[in-house]
Amino acid sequence: MQGNMQKQGLLIPDLLEHAAQYHGSTEIVSRLVEGGIHRYTYADALLRSKKLANALARLGVQSGDRVGTLAWNTFRHFELYYAVSGAGAITHTINPRLFPEQITYIVNHAQDSYLFVDLTFFPIIEKLHNHWPCLKGVVVLTDQDNMPETNLTNVMCYEDLISDESDVFEWPEFEDEQAATLCYTSGTTGNPKGVLYSHRSTILHALGSAQREGLDIDSESTVLPVVPMFHVCAWGVPYAAPMTGAKIVFPGAGMDGASLTELIQTEKADLLLGVPTVWLGLLNYLDQQSQVLESVERVVIGGSAAPVSMIQAFDEKHDAFVIHAWGMTEMSPLGTVCAPTRALKDLPKTERYALQSKQGRPVFGVQLKIIDDEGKECQRDGVEFGRLLVKGPWIAGQYYLEDSSALEIGGWFDTGDVATIDPQGYMQIVDRKKDVIKSGGEWISSIELENVAVGHPSVQEACVIGVLHPKWDERPLLLLVLAEGKSCDDSELLEFMSGKVAKWSLPDAILVVDTLPHTATGKLMKKDLREEYKNFLIDMGE
Ligand code: ADP
């Protein structure tokens, strides 16, 4: 027997309709790419999104068409999220930091009909447009005064495009399983793969992520997503914020310490979200300027592991609580959150930091398990580790335009991560499966070594890779970027690290480098480093 309730679809534009009606005067503040600050309200955002939806119809964009964006976090990108998906088309967010070949591939694979681009990324279009026969036109996200000079045809100005359109638009009704947003993984091996979110999965993810045990967003929050809208939809903030009526502060292209500090202080942001490398820049800047973040209560850190030293610095210097979170593009992205429960907050500091450095427990909607190589479930004892599998309504079942399912038997998705789960359900990432160092019969976590090394005051950033060893197959090599003006000798660092990690897992060699390479989503690019330093120990005569 079926229930008797209404069959009301979960559609994305309803989030903005809700925000405009019940939180109409709440602000959305953006640092403009052209310079200066823009501010308006949810009520304004809805009207302009409707103008844009009318403009898209005029351009001939149809249900299911892909509309690409190459854009920072600003109010115009936010309008695209709602107008494109709300009109039944698909918002395809493209990461501009990818290599040109990858961007070329992605636009062709997605068959984008139009691209909406920020001024910063217009040169990419000028360079690559010939490779995209699918493209009907380009819209530059700016006003007439700032339009770039170009020889390209069919380049439009965003503000001109929408200015004469009506702000009345009836959002079409359709099944909520319809595709809404397309996001490609960074493709560290092989071509990037598309993950196609639906309206339903997006709304369920927003409901899951806004809750207290998730990112805890509500109408009193002033949320500043530093994580880009081209990186898994800024972790869903552009949906969760209007759902709850939170004020949004969009940082535009200003991800450096000075720009972020200014925006956080003037807008009194209390909830920040981003990857560790961004926070490294911010914390360094604040130290140099002897400034304290007054308004910030919580900092959500994900994308890569949050080192204990970072959790401690936010707590002790800025009285800000780090919420460590884990997820991936295929998970919309939220999987687990280390939420500030009463039990967690009551722990003595060192124990609390240690627990906060775990990636946390799943939000309702996400199921997790760890399995060994035979497929048997591992113990949840915080020690045994295995392949991390996930299941849930906002987790991908297959990749865009691929025929076969992406799932294992029983409908589980293999995250490619190796993890432990403790008796309280806290999950900790040991490593990406491909980054784990296989030394003799033992596995060494590169993440654990990196996190301990960056706790040393002379170390700015650390990267551990497995390199060939004649006896142990692989041993850890530690690459370091030193903090400005600091030095540190190997024995001092090894001394600092011993006691914090198992003795046999200490790195065999330490090498200071000027910079470390990062992927388009801010993660350490270990693949190339492994290749470059493959024979490092062998050449040293180990
Ligand atoms: P991409 O592969 O596109 O860079 P994702 O952003 O989807 O992107 O990356 C997902 C991966 O990032 C996870 O599978 C995991 O390895 C890593 N990751 C995400 N959050 C954390 C975290 N808090 N700690 C450690 N690793 C993390």
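**Close-up views of salt bridges, a sheet and cysteines**

**View 1. Salt bridges link Glu-34, Arg-48, Arg-76, Glu-79 and Glu-159 in a network.** A salt bridge is a side-chain nitrogen of Lys or Arg within 4 Å of a carboxyl oxygen of Asp or Glu; by this rule the count comes to 26. The model is predicted: local features need pLDDT of at least 70 and side-chain atom pairs pLDDT 80 or more, while totals for chains, interfaces and linings use all residues. Residues are numbered from 1 along each chain as its sequence is written, and side-chain values use heavy atoms, without hydrogens and water.

**View 2. An open antiparallel sheet holds 4 strands in the order β17-β18-β19-β20.** Its edge strands, β17 (367-371) and β20 (427-432), each pair on one side only. Strands are DSSP runs (E, at least two residues), numbered from the N terminus, and two of them pair if DSSP finds at least two bridges between them. Strand β19 (residues 413-421) is joined to β20 by 5 bridges; Ala-419 has Ile-429 as its bridge partner in β20.

**View 3. Arg-387 forms salt bridges with Glu-408 (3.0 Å, N to O) and with Asp-414 (3.0 Å, N to O).** Asp-414 lies in strand β19 and Arg-387 in strand β18, so this pair ties together parts 27 residues apart in sequence. Arg-387 is buried at 15% relative accessibility, whereas Asp-414 is partly exposed at 25% (buried, under 20% relative accessible area; exposed, over 50%; partly exposed, in between; 1.4 Å probe, protein chains only).

**View 4. Cys-134 is in no disulfide.** A disulfide requires two cysteine sulfur atoms within 2.5 Å, and the count is 0. The nearest cysteine sulfur to that of Cys-134 belongs to Cys-183, 18 Å away.
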